[in-house]
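Subject: Structure for you to look at

Hi,

Here is the structure I promised to hand over. Please open it beside this email, and read my notes once it is on your screen.

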Amino acid sequence: WPIPRGTPRVYGAVGNEQTCSAQGFFVQFSISAVMYNASLTIYFVLVIVKGWKDEDIVKIEPLFHATAIAWGLGTSLASLGLSLFNSVGWECWINTVPLGCQES
(Lines give C-alpha, C1' and ligand atoms only; values in the text may rest on other atoms or scores of the structure.)
Protein backbone atom coordinates (compact mmCIF):
# COMPACT_ATOMS: atom_id res chain seq x y z
CA TRP A 1 0.00 0.00 0.00
CA PRO A 2 1.24 3.53 -0.65
CA ILE A 3 0.12 4.56 2.83
CA PRO A 4 3.15 5.68 4.88
CA ARG A 5 4.98 2.93 6.77
CA GLY A 6 4.11 2.85 10.46
CA THR A 7 0.56 4.19 10.06
CA PRO A 8 -1.44 2.66 12.92
CA ARG A 9 -4.09 0.04 12.13
CA VAL A 10 -3.06 -0.27 8.45
CA TYR A 11 -1.74 -3.69 7.43
CA GLY A 12 0.85 -3.63 4.66
CA ALA A 13 1.61 0.09 4.74
CA VAL A 14 5.00 0.36 3.03
CA GLY A 15 4.86 3.80 1.41
CA ASN A 16 5.90 7.29 2.41
CA GLU A 17 4.44 10.80 2.13
CA GLN A 18 5.27 10.99 -1.58
CA THR A 19 3.58 7.69 -2.47
CA CYS A 20 0.57 8.73 -0.40
CA SER A 21 0.40 12.07 -2.20
CA ALA A 22 0.71 10.37 -5.60
CA GLN A 23 -2.16 8.01 -4.81
CA GLY A 24 -4.25 10.84 -3.40
CA PHE A 25 -3.63 12.93 -6.52
CA PHE A 26 -4.85 10.19 -8.87
CA VAL A 27 -7.79 9.25 -6.65
CA GLN A 28 -8.91 12.88 -6.60
CA PHE A 29 -8.27 13.31 -10.33
CA SER A 30 -10.55 10.33 -10.99
CA ILE A 31 -13.45 12.65 -10.08
CA SER A 32 -13.13 13.69 -13.73
CA ALA A 33 -14.76 10.38 -14.69
CA VAL A 34 -17.79 11.30 -12.61
CA MET A 35 -17.89 14.70 -14.29
CA TYR A 36 -17.76 13.04 -17.72
CA ASN A 37 -20.69 10.82 -16.73
CA ALA A 38 -22.62 13.94 -15.77
CA SER A 39 -21.73 15.45 -19.16
CA LEU A 40 -23.06 12.34 -20.91
CA THR A 41 -26.27 12.60 -18.94
CA ILE A 42 -26.72 16.22 -19.99
CA TYR A 43 -25.86 15.28 -23.58
CA PHE A 44 -28.52 12.56 -23.70
CA VAL A 45 -31.16 14.84 -22.18
CA LEU A 46 -30.37 17.56 -24.72
CA VAL A 47 -30.42 15.17 -27.70
CA ILE A 48 -33.28 12.84 -26.75
CA VAL A 49 -35.58 15.04 -24.70
CA LYS A 50 -34.85 18.49 -26.12
CA GLY A 51 -34.14 17.40 -29.69
CA TRP A 52 -30.79 19.17 -30.08
CA LYS A 53 -28.87 18.51 -33.30
CA ASP A 54 -25.13 17.90 -33.77
CA GLU A 55 -24.62 21.56 -34.71
CA ASP A 56 -25.99 22.60 -31.30
CA ILE A 57 -24.02 20.03 -29.32
CA VAL A 58 -20.71 20.98 -30.96
CA LYS A 59 -21.06 24.45 -29.46
CA ILE A 60 -21.18 23.19 -25.85
CA GLU A 61 -19.02 20.06 -26.11
CA PRO A 62 -15.79 21.92 -25.23
CA LEU A 63 -17.48 23.05 -22.02
CA PHE A 64 -18.13 19.41 -21.06
CA HIS A 65 -14.45 18.52 -21.52
CA ALA A 66 -13.11 21.68 -19.89
CA THR A 67 -15.33 21.31 -16.84
CA ALA A 68 -14.43 17.67 -16.23
CA ILE A 69 -10.69 18.11 -16.70
CA ALA A 70 -10.43 21.48 -14.93
CA TRP A 71 -12.33 20.29 -11.87
CA GLY A 72 -10.39 17.04 -11.51
CA LEU A 73 -6.99 18.54 -12.24
CA GLY A 74 -7.66 21.76 -10.32
CA THR A 75 -8.77 20.09 -7.10
CA SER A 76 -5.93 17.55 -7.38
CA LEU A 77 -3.27 20.22 -7.83
CA ALA A 78 -4.74 22.43 -5.09
CA SER A 79 -4.84 19.52 -2.65
CA LEU A 80 -1.28 18.58 -3.56
CA GLY A 81 -0.08 22.15 -3.06
CA LEU A 82 -1.84 22.41 0.30
CA SER A 83 -0.50 19.00 1.45
CA LEU A 84 -4.00 17.68 2.04
CA PHE A 85 -3.35 14.09 0.97
CA ASN A 86 -3.11 11.82 4.01
CA SER A 87 -4.18 8.32 4.92
CA VAL A 88 -7.90 7.88 5.39
CA GLY A 89 -7.60 4.27 6.50
CA TRP A 90 -7.94 2.26 3.29
CA GLU A 91 -6.12 4.64 0.95
CA CYS A 92 -4.62 8.10 0.72
CA TRP A 93 -6.98 10.92 -0.11
CA ILE A 94 -7.99 14.30 1.28
CA ASN A 95 -7.74 14.28 5.08
CA THR A 96 -6.80 17.01 7.54
CA VAL A 97 -4.12 15.06 9.42
CA PRO A 98 -2.44 11.68 8.93
CA LEU A 99 -4.11 8.68 10.54
CA GLY A 100 -2.89 8.32 14.12
CA CYS A 101 -1.95 11.99 14.51
CA GLN A 102 -3.86 14.68 16.33
CA GLU A 103 -4.21 18.31 15.41
CA SER A 104 -2.73 20.66 17.95
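Below is what I found, going from the whole chain to single residues.

Overall layout

Keep in mind that this is a predicted model. The protein chain has 3 helices and 2 strands. From the N terminus on, the order is α-α-α-β-β. The radius of gyration is 19 Å, whereas the globule rule gives 13 Å for 104 residues, so the chain is more spread out than a compact globule. Along the principal axes, the C-alpha atoms fill a box of roughly 55 × 25 × 20 Å.

Of the 104 residues, 26% count as buried. The accessible surface comes to about 7,100 Å². Carbon and sulfur atoms hold 67% of that surface. Take the contacts between residues at least 6 apart in sequence: 52% of them join residues at least 24 apart.

Helix α3

Helix α3 covers residues 54-81, which is 28 residues. From first C-alpha to last, α3 reaches 40 Å, close to the 40 Å expected at 1.5 Å a residue. There is still a bend in α3, of about 40° at I60. A proline, P62, follows within four residues of that bend.

Which residues of α3 are buried? They are I57, F64, A68, G72, T75, S76 and S79. Their spacing is worth a look on screen. An α-helix has 3.6 residues a turn, so residues three or four places apart point the same way. Just after α3, S83 takes a positive phi of about 55°.

The disulfide

How many disulfides does the model have? The count comes to 1. This disulfide joins C20 to C92, with S to S at 2.1 Å. The two cysteines come from distant parts of the chain: C20 is in helix α1, C92 is in strand β2, and they are 72 residues apart. The torsion about the S-S bond of C20 and C92 is about -115°, so the disulfide is left-handed.

Are C20 and C92 buried or exposed? The cut-off for buried is under 20% relative accessible area. C20 has 2%, so C20 is buried. C92 has 0% relative accessibility, so C92 counts as buried too.

Two single residues

I31 lies in helix α2. With 28% relative accessibility, I31 counts as partly exposed. Leave aside its neighbours within four places in sequence, and I31 is in contact with W71, G72 and T75. Two of these, G72 and T75, are among the buried residues of α3. I31 and H65 are 34 residues apart in sequence, and 13 Å apart in space, C-alpha to C-alpha.

G12 sits in the segment before α1. Its relative accessibility is 31%, so G12 counts as partly exposed. G12 and P2 are 10 residues apart in sequence. In space they are 8.9 Å apart, C-alpha to C-alpha.

If you start anywhere, start with α3 and its bend at I60. Then turn to the disulfide between C20 and C92.

Best wishes

Technical notes:
Residues are numbered from 1 along each chain as its sequence is written. This is a predicted model: local features need pLDDT of at least 70, side-chain atom pairs count only at pLDDT 80 or more; totals for chains, interfaces and linings use all residues. Side-chain values use heavy atoms; hydrogens and water are left out. The expected span of a helix is 1.5 Å times one less than its number of residues. The bend at a residue is the angle between axes fitted to the seven residues ending there and the seven starting there. Buried means under 20% relative accessible area, exposed over 50%, partly exposed in between (1.4 Å probe, protein chains only). A disulfide is a pair of cysteine sulfur atoms within 2.5 Å. Contact means heavy atoms within 4.5 Å. The radius of gyration is taken over C-alpha atoms; the globule rule is 2.2 Å times the number of residues to the power 0.38. Accessible areas come from the Shrake-Rupley method with a 1.4 Å probe; for residues, only the protein chains shown count as cover.
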